[in-house]
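Please keep the sequence and the 3D view open while you read.

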Amino acid sequence: MKARVHVSLKPGVLDPQGAAVAHALGTLGFEGVKGVRQGKVLDLDLDETDPEAARAQVDAMCRQLLANTVVETWRVEILN
Amino acid sequence: MKSAVLVFPGSNCDRDMAVALERVSGRKPKMVWHKEAELPLGVDLAVVPGGFSFGDYLRSGAIAARSPAMRAVADFAARGGMVLGVCNGFQVLTEAGLLPGALMRNAGLDFLCKPVELIVEETQSPFGRGYEAGARIRLPIAHHDGRYVAEAETLDRLEGESRVAFRYAEEVNGSERRIAGILSENRRVLGMMPHPERAIEAILGGVDGLPMFETLTQEAA
């Protein structure tokens, strides 16, 4: 079973990298980009075949390692 | 003082730290590889040094924080042991949950490598006792992810309990309240971004790191 984890910064956490990307988009002529928040995506390949069990497992992984709960939130997507 | 310095793949201030510890305490620290599940017996101080442990993969300090040696450090800290985390070591201590908050990309996005002026905010702990309250000292910084962040109530608690150990005298990296180093609740764990181990002899640009190693040595005696 494959799972995808989206890790993003909590609202209000300053994201200077996202701001730099937004600025660069403006430089390229893309107008109206009001903001960019940079996050990361992790694709996991799991032995688990039960979607709910997989979700619980990946959730625990996020809490313990994949996300820093001080500044980040996450969303788990079960892909198949 | 018996000390131990943790070593991860990518640590690069471990040997500077060992030199500083040996020079002041007169004893060579034990170097502890990250796979070791226990600290050497009778250690007074465990140090998590600077560098780029595990290549800063995932987040700075994130992988190192989950290593067997760090679990031993957490147990050691829980028993009241003294722990010093410098630079990447500070990042590791926050990732391991031994200190609150997180260290994020510098606000200006630059890697900052220069001496900075710090205000000594705390002089009760074994780390700060050798300094005068409010003293201005100079230590080098060398980091990309040094912007300290925490929730407002955590920051208020740190301030209220006098657990901000060092503050940048001027804005440096966007840290909340210009925090450069913080203490644990029992004041036995210090995490800081500046490098005291790089300021132990005049020929290297200053000696403002010495008082910390001196009082740590006294505390252990």
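**A serine and its surroundings**

Leaving out neighbours within four places in sequence, B:Ser53 is in contact with B:Phe8, B:Pro9, B:Gly10, B:Gly61, B:Ala64, B:Asn88 and B:Val92, where contact means heavy atoms within 4.5 Å. Before we go on, please note that this is a predicted model, in which local features need pLDDT of at least 70, side-chain atom pairs count only at pLDDT 80 or more, and totals for chains, interfaces and linings use all residues. Residues are numbered from 1 along each chain as its sequence is written, chains are lettered from A and ligands numbered from 1 in the order in which they are written, and side-chain values use heavy atoms, with hydrogens and water left out.

Where does B:Ser53 sit? Look in the loop between S3 and H2 of chain B; helices (H or I, at least four residues) and strands (E, at least two) are DSSP runs, numbered from the N terminus. Is B:Ser53 buried or exposed? Its relative accessible area is 2%, so B:Ser53 is buried; the word means under 20% relative accessible area, while exposed means over 50% and partly exposed lies in between (1.4 Å probe, protein chains only). The side chain of B:Ser53 also makes a polar contact of 2.8 Å with that of B:Asn88. Such a contact is a pair of N or O atoms within 3.5 Å; within protein, one must be able to donate a hydrogen and the other to accept it, and residues adjacent in sequence count only if both atoms are side-chain atoms.

B:Phe54 belongs to the loop between strand S3 (45-48) and helix H2 (68-78) of chain B. With a relative accessible area of 21%, B:Phe54 is partly exposed. Its phi is near 50°, a positive value in a residue other than glycine. Most residues other than glycine have a negative phi. B:Ser162 gives another example, with a positive phi near 55°. You will find B:Ser162 in the loop between helix H4 (152-160) and strand S9 (164-168) of chain B.

Now for the rings. Over all chains, the structure holds four aromatic pairs; rings of Phe, Tyr and Trp (its six-membered ring) pair if their centres lie within 6.5 Å, and planes under 30 degrees apart count as stacked, over 60 as edge-to-face and the rest as tilted. One of them joins B:Phe8 and B:Phe54: the centres are 6.3 Å apart and the planes stand at 55°, so this pair is tilted. It links distant parts of the chain, 46 residues apart, with B:Phe8 in the loop between strand S1 (3-7) and helix H1 (14-25) of chain B. B:Phe8 counts as buried, at 2% relative accessibility. Another pair is formed by B:Tyr131 and B:Phe166, whose planes meet at 90° with the centres 6.1 Å apart, so it is edge-to-face. Here too distant parts of the chain are linked, 35 residues apart: B:Tyr131 is in the loop between strand S6 (112-120) and strand S7 (136-143) of chain B, and B:Phe166 is in strand S9 of chain B. B:Tyr131 is buried at 8% relative accessibility, and B:Phe166 is buried with a relative accessible area of 2%.

Finally, turn to chain A. An open sheet of three strands has the order S2-S1-S3, with antiparallel pairing; two strands pair if DSSP finds at least two bridges between them. Its edge strands, S2 (40-45) and S3 (72-78) of chain A, each pair on one side only.
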